[in-house]
Amino acid sequence: MSIRHSFHFSSPLFSSKILKLPTSGVGMNSAMDDMNLIQHAQRHHLVVREIGEEIDLEIGPGDDDPSFGNTIIVAPMRESSVEEHGESKQMGMVSQLPNDAQDMSKNQPVKRKKKVVKRWREEWADTYKWAYVDVKEGTARIFCSVCREYGRKHRRNPYGNEGSRNMQMSALEEHNNSLLHKEALRLQMASKEKIVADKPVYVKAVMSKTAGSILEATLKRDPHEAEFIQAVQEAIQALERVIAKSSHYVNIMERLLEPERMIVFRVPWLDDRGEIHVNRGFRVQFNQSMGPCRGGIRFHPSMNLSIAKFLGFEQALKNALSPYKLGGAAGGSDFDPKGKSDNEVMRFCQSFMSEMYRYLGPDRDLPSEEIGVGTREMGYLFGQYRRLAGNFQGSFTGPRIFWSGASLRTEATGYGLVFFAQLMLSDMNKELKGLRCVVSGSGKIAMHVLEKLIAYGALPVSVSDSKGYLVDEDGFDYMKIQFLRDIKAQQRSLRDYSKTYARSKYYDEAKPWNERCDLAFACASQNEINQSDAMNLVNSGCRILVEGSNMPCTPEAIQVLRKANILVAPAMAAGAGGVVAGELELNHECSLMHWSPEDFESKLQEAMKQTYQRALKAATDFGYQKENPEALVHGSVISSFLTIAQAMTDQGCV
């Protein structure tokens, strides 16, 4: 098997000596052939970090070769494209060159050299994230990470490319900007079906033999489903003491890990220009032994079967822990509603529901909102479901808010997170008032967390989006939250907030976990906190992490937090507010009356208290003390699993 390397050269390498990157029309220096690039990378210190599914090797200066630390890699400035003029500007060698070459370099303005370096940093550094070097038939080639082809082979020369390396890079650069490459990239993000070795699974070394065998069987059956395997691993670690108590639970766990039903289907739809697009739809109904399924629908380009299974598995456990006995499900599509018109979203939702309606119903499966699915999308989905089903069942836990009068339906999950944090602090004889809190995300859950934190007297200081995070040292208030909502509704950047409030600042390509805080609320997406983020949280003084999103921490981050004795409120328990509100909303009594905010909030607080106590009791029964940072995490899984296991045992082998 060939080894692929994806290179990203960091800016500290920029110094005096310059090597010339291959570009269109310019040959590469003979002192560095095709393989020297790989050998230089392998001889020096490599800092490995993940970029999506690729492993990025960031090169640092090595002690064995001082000259390499003084190397600059630059690319020429181009005033026009290759297609327009068929040529590119050449660049001279700046140091360690013959005298005549150095004389020529002196004639070049100094400012031009600085612009060249800046251009390399901005453009060519990004190029090496999608290009990698591999050996093909004894020759080093530059391949595209998406289509796995090199040079012009995939477009203009079907018999291969015998040209120079710079010709290959030029063709790849053109390909990177082509529609073919963008479509391939979209499909790759949607499916993420890669070799397991590209993204190794982190396995806890102290896992027992019995628990390890369950995880090994899952790895063998679903080797490509990284998110699902991670969720299974976390659950098995929490259940080690339960599984060791009885071999009966091993069989139950093996059955539980296989969904009852997985539906994958095509979703064709028309855009406003009349062009046809095709997306992929998913629905995974994990376990119905406790009752009809409940679970979200997510519309996001990264959506795939692995994520649908992981969300469905987490939802099954979350629903079993809530006061209402329900099954778990999840689904969605790799459709991206951002940038789409209302008519385009409506046509997609109608096409999606034309297939999904067969598997839905009040006694079978009721979908709810998730990432990319709000009241607009749920309204379109329910309208098509009502049309196809032929009756008004009102069985979606989203649009029902407009007809049943449930006053806190959309706020329930965010409010529930704050209620859960308050319960944890109460056991420590503390309260939220005056505590500094950082929040990630800027969706509905994050905004409602901000609201309730302010109501409790806390000081929330941050929100984030996919491009960075915003911090306000004065803290947010209700007026500022409304301004944030207006920014998001207009699809503007959070950066615009700092133009109005001078004491705020927006940080690009960063996360809020290095901000000083007492509590942290992770409300963005799965795996948003990695190992370095966890270290930043520890160093920033955080004592409690509340999980608003499903599985927000990587396994490595979890180990860091546990060693630092940071208490974690698991999403399985802390995020149960949405389940509670959905069931209250669908309750017959709720359908016949309008709930006041006070009544609804009172019922939500009571349900969150029951969930908290149930998780603590299960942890204590299996030897986890309340002060143990693993107590709530393990207790939540144990309580959920035992409830489902009892139902599956009573119903027999079905």
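The structure holds 24 salt bridges, a salt bridge being a side-chain nitrogen of Lys or Arg within 4 Å of a carboxyl oxygen of Asp or Glu. Please keep in mind that this is a predicted model, where local features need pLDDT of at least 70, side-chain atom pairs count only at pLDDT 80 or more, and totals for chains, interfaces and linings use all residues. Residues are numbered from 1 along each chain as its sequence is written, and side-chain values use heavy atoms, with hydrogens and water left out. Here is a tour, beginning with the charged pairs.

- Side chains of opposite charge can pair when their charged atoms come close.
- Lys452 and Glu601 meet through their side chains in a salt bridge, at 3.0 Å from N to O. Lys452 lies in helix 16 (residues 444-455) and Glu601 in helix 24 (residues 597-621), so this pair ties together parts that are 149 residues apart in sequence. Helices (H or I, at least four residues) and strands (E, at least two) are DSSP runs, numbered from the N terminus.
- Lys452 counts as buried because its relative accessibility is 8%; buried means under 20% relative accessible area, exposed over 50%, and partly exposed in between (1.4 Å probe, protein chains only).
- Arg562 and Glu630 form another salt bridge, 3.4 Å from N to O. Arg562 sits in helix 20 (residues 555-563), while Glu630 sits in the loop between helix 24 and helix 25 (631-651), so the pair ties together parts 68 residues apart in sequence.
- Arg562 is buried at 16% relative accessibility, and Glu630 is buried with a relative accessible area of 18%.
- In the salt bridge between Asp472 and Lys480, the closest N and O atoms are 3.0 Å apart. Both Asp472 and Lys480 are buried.
- A network of salt bridges links Asp222, Glu225 and Lys309.

**Aromatic pairs**

- How many aromatic pairs does the count come to? There are 21 aromatic pairs, by a rule in which rings of Phe, Tyr and Trp (its six-membered ring) pair if their centres lie within 6.5 Å; planes under 30 degrees apart count as stacked, over 60 as edge-to-face and the rest as tilted.
- Phe228 and Phe313 make an edge-to-face pair, with 6.3 Å centre to centre and 85° between the planes. Phe228 belongs to helix 8 (residues 226-238) and Phe313 to helix 11 (residues 305-321), so parts 85 residues apart in sequence are tied together by this pair.
- Phe228 is buried at 0% relative accessibility, and Phe313 is buried with a relative accessible area of 1%.
- Phe382 and Tyr385 form a tilted pair, 6.5 Å centre to centre with 35° between the planes. Both residues lie in helix 13, three residues apart, which is about one turn of the helix.
- Phe382 is buried, its relative accessible area being 3%, and Tyr385 is buried with a relative accessible area of 3%.
- One aromatic cluster is formed by Phe265, Trp269, Phe299, Phe335, Phe348 and Phe352.

- Helix 12 (residues 342-356) has 15 residues, which should span 21 Å at 1.5 Å a residue; its end C-alpha atoms are 21 Å apart, in agreement. The expected span of a helix is 1.5 Å times one less than its number of residues.
- Buried residues of helix 12 include Phe348 and Phe352, along with Glu344, Val345 and Cys349.
- The buried residues of helix 12 pack against strand 8 (261-270), strand 9, strand 10 (293-299), strand 11 (327-333) and helix 13 (375-389).

**Ala329 in strand 11**

- Where is Ala329 found? Ala329 is in strand 11, and this residue is buried with a relative accessible area of 0%.
- Not counting residues up to four places away in sequence, Ala329 touches residues including Arg283, Phe286, Gly312 and Asp365; contact means heavy atoms within 4.5 Å.
- Ala329 and Pro292 are 37 residues apart along the chain, and their C-alpha atoms are separated by 9.3 Å.

**The whole protein**

- The secondary structure comes to 25 helices and 20 strands.
- Of the 654 residues, 52% count as buried.
- Among contacts between residues at least 6 apart in sequence, 70% join residues at least 24 apart.
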